[in-house]
Amino acid sequence: MMFVALILAAATPADAVPKARQAYASCLHQYTDGAVDKKMAKDEFLAGLKTKCANEEAKFRTALTAADKADGMSDKDAAADVNDQVQGYIDQMTDNFTSGG
């Protein structure tokens with residue numbers, strides 16, 4: 001029992017990032033694939049892209065911010081990193097949508 005407690009105590013903020021990243025990316029892919037299948041207008045797609053995965057994005061932002069700060073990043077640098085990574089996903093999904101999936 002003590003061993004389990006030590007393992008749990010040793011968990012770092014970085015441990016939450018892969019799960020949050022996967023959930024966010026999966027949500028974005030599902031939304032994008034559905035939008036392509038429905039032949040959604042680009043404006044409608046872009047509006048939904050910002051809202052459909054908001055919960056997953058918030059969890060990803062929280063996990064990544066905590067990991068970045070645990071690695072010694074300043075608040076400003078951590079926020080910039082998180083914003084860059086989220087924007088990268090949005091750009092990729094927009095490219096996927098524009099190219100038809």
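Let's start on helix H5, where Ala78, Asp81, Val82, Val86, Tyr89, Ile90, Met93, Thr94, Asn96 and Phe97 are buried. Buried means under 20% relative accessible area, exposed means over 50%, and partly exposed lies in between, with a 1.4 Å probe and protein chains only.

Ground rules next. This is a predicted model, where local features need pLDDT of at least 70, side-chain atom pairs count only at pLDDT 80 or more, and totals for chains, interfaces and linings use all residues. Residues are numbered from 1 along each chain as its sequence is written, and side-chain values use heavy atoms, with hydrogens and water left out. Helices are DSSP runs (H or I, at least four residues), strands are E runs of at least two, and numbering goes from the N terminus.

Back to H5. The helix has 24 residues. From first C-alpha to last, H5 reaches 34 Å, close to the 34 Å expected at 1.5 Å a residue. That expected span is 1.5 Å times one less than the number of residues. What covers the buried residues of H5? The cover includes helix H2 (17–37), H3 and helix H4 (54–70). Just after H5, Gly100 takes a positive phi of about 90°.

Now the H3 and H5 pair. H3 covers residues 42–51 and H5 covers 75–98. They pack at about 150°, with axes 11 Å apart. Axes are lines fitted to C-alpha atoms, for helices over the stretch in contact, and angles run from 0 to 180 degrees between N-to-C directions. So H3 and H5 are roughly antiparallel. The classes are: under 35 degrees roughly parallel, over 145 roughly antiparallel, 65 to 115 roughly perpendicular, the rest oblique. H3 passes H5 in a right-handed crossing. Right-handed means the near helix is turned clockwise from the far one by less than a right angle; left-handed means anticlockwise.

Who makes the contact? From H3, Lys42, Phe45, Leu46, Leu49 and Lys50; from H5, Ile90, Met93, Thr94, Phe97 and Thr98. Contact means heavy atoms within 4.5 Å. By class, the H3 and H5 contact residues are six nonpolar, two polar and two charged. Here Ala, Val, Leu, Ile, Met, Phe, Trp, Tyr, Cys and Pro count as nonpolar, Asp, Glu, Lys and Arg as charged, and the others, Gly among them, as polar.

Next pair: H2 and H4. Their axes come within 8 Å and cross at roughly 150°. H2 and H4 are therefore roughly antiparallel as well. H2 passes H4 in a left-handed crossing. H2 brings Val17, Ala20, Arg21, Ala23, Tyr24 and Cys27; H4 brings Glu56, Glu57, Lys59, Phe60, Ala63, Leu64 and Ala67. That contact has nine nonpolar, no polar and four charged residues.

Glu57 deserves a look. Glu57 sits in helix H4. Is Glu57 buried or exposed? Buried, at a relative accessible area of 15%. Leaving aside neighbours within four places in sequence, Glu57 is in contact with Tyr24 and Val86.

Two loop lysines to finish. Lys39 lies in the loop between H2 and H3. Lys39 has a positive phi of about 55°, although it is not a glycine. Most residues other than glycine have a negative phi. Lys39 counts as exposed, at 73% relative accessibility.

Lys52 is in the loop between H3 and H4. Lys52 also counts as exposed, at 55%. Leaving aside neighbours within four places in sequence, Lys52 is in contact with Cys27 and Tyr31. The C-alpha atoms of Lys52 and Cys27 are separated by 8.0 Å, with the two 25 residues apart along the chain.
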